[in-house]
Amino acid sequence: MSSVPTKFDVVVIGAGPAGSAAAYTLAKEGFKTLLIDRGRGGGEKELFGGRVYAQPLREVWPELDKEAPIQRWVTRERISMVNGDEVFTVEYKSPAGKSFTAFLPQLTSWMARKAEQAGALYVNEITVDEIAFRDGKAVGVRSGSDTIEADVVIDAEGVNRLLLERAGLVEKLKPDHVALGVKEILRTGATQLEASFGIDSSEGVSWVVVGDITKGVPGGGFIYTNKETVSIGVVLHLKHAIEAIEAGSLNQHVYELVEGFRLHPFFRRLWRDATISEYGGHLTIEGGLKFAPERFAYPGLLVVGDAAGLLLSTGVNYRGVDFAAYSGKLAAEAVKYARDHGGFTYDNISVYETYLKNSFVYKDLKKHLAAEMLMNDPALFAKLPRIALGLFRELYEQDYSTPTPYEALISVLNNENIGLFNLLPLTLSVVRSL
């Protein structure tokens, strides 16, 4: 840090999608910008499932399609319910992919390089110890004995919001705030991958799996196809996982759940003879806006990306990278507005709140609040897959008599010791979330 200038227009903390988008947009507008990250290289600290929606990123980086390290464009969406060896799957085939799979370290490294090329100073392997405040206004950052001053600080530190905690702007992380995702990358080779998934070289698959692979804990499994590898993993809502452990209904380590998913009789044929090339875990936001800070703008400080709770999880759609990058862009536009309208006062930079709340990001998070609450309902994950698969079992596995759908449903509910009227609250929750 001793070689870094001590004054910038803007300091951006974190070189993930949100921070890199902010730094890139600011540098293009001529701001003296410092992008600072604790990882050894761009994106080193990043980990996620593997799927990114493209259009919001194109607004930041129009050259995305030609330059970004894209693995495969997603053209097939699959959703499976699992109960033991029973599996029910639906598939949608898209004529043109709107999203792509990627390795986030590669993608965010590219984003950080774009910020550098635009003129931002990018410094890595530096841990910011605190946001510096003076008279209630953020005036820079401190790392060890070094302080860097700035007119505006943009916090893009991610889900582990230690700096915002130390500043007293958010409460400490709690289990009901986050989920734990654990992921394996399986190397299959393109030929086997395409044959196993029934796709060609121009296609990719995004696959959501719910059911007893998480032992009734809210969460689920995911599968994403890359060029020559497959990303698989499970996500567990941390609060419910702890409760299940304490109740004795979950007695496996999370890596055993991932192994059980990988070795499941139905899915393992997709990556037969594959080798595990990577393994990792990561906390992810749970509850979107319920995780958000009280405000997104403070005197001298803007909060973007995961630190701002900008992640959508509906059980069908999972969007975080594009939301983060777009919020970084909006924060940069707010800084530009402040410069062009008399200076970096709180009234001026707080236009970011208006930009964000008028954007598709915030509107989507509000619109899907009910769906995110449903994704936290243990009954959905413990009962619904069993009921659905039991219904198909009754309808399709017959020797002589063929039941009506009503008879099949009543038989399943009796087997599960669930009355027909007891099913109504869960059904109404699902309908409301839609």
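These are my notebook entries on a predicted model, taken in the order I looked things up.

**Entry 1, domains.** I began with the domain assignment of the chain. It gives domain 1 as 7–50 + 103–172 + 291–358, domain 2 as 178–285 and domain 3 as 378–433. I then looked up how far apart domain 1 and domain 3 are, and their C-alpha centres lie 47 Å apart.

I found Thr33 in strand E2, which covers residues 33–36. Is Thr33 buried or exposed? Its relative accessible area is 2%, and buried means under 20%, so I noted Thr33 as buried. I listed its contacts next, leaving out residues up to four places away in sequence. Thr33 touches Phe8, Val10, Val12, Ala23, Leu26, Ala27, Ala120 and Leu121. I also checked where the side chain goes: it reaches the backbone oxygen of Phe31 at 3.1 Å. Last, I took a distance along this part of the chain. Thr33 and Gly49 are 16 residues apart in sequence, and their C-alpha atoms are separated by 30 Å.

Helix H4 runs over residues 104–118, which makes 15 residues. I wanted to know how its span compares with expectation. At 1.5 Å a residue the helix should span 21 Å, and the end C-alpha atoms are 21 Å apart, so the two values agree. I then went through H4 for buried residues. These are Leu104, Leu107, Thr108, Ser109, Trp110, Met111, Ala112, Lys114 and Ala115. I note that Lys114 is among them. After the helix comes Gly119, with a positive phi near 120°.

Which residues did I write down here as having a positive phi without being glycine? One is Asp135, with phi near 55°, and another is Asp273, with phi of about 65°.

I looked up the place of each. Asp135 lies in the loop between strand E8 (130–134) and strand E9 (137–143). Asp273 sits in the loop between helix H8 (254–262) and strand E15 (275–285).

I then checked exposure, for which the cut-off is over 50% relative accessible area.

Methods
Residues numbered from 1 in each chain as written. Predicted model: local features only at pLDDT ≥ 70, side-chain atom pairs only at ≥ 80, totals over all residues. Heavy atoms only, no water. Helix = DSSP H or I, 4+ residues; strand = E, 2+ residues; numbered from the N terminus. Expected span 1.5 Å × (residues − 1). Buried < 20%, exposed > 50% of the residue type's maximum accessible area, 1.4 Å probe, protein only. Domains from an automatic or database assignment. Contact = heavy atoms within 4.5 Å. Polar contact = N/O pair within 3.5 Å; in protein donor to acceptor, adjacent residues only side chain to side chain.
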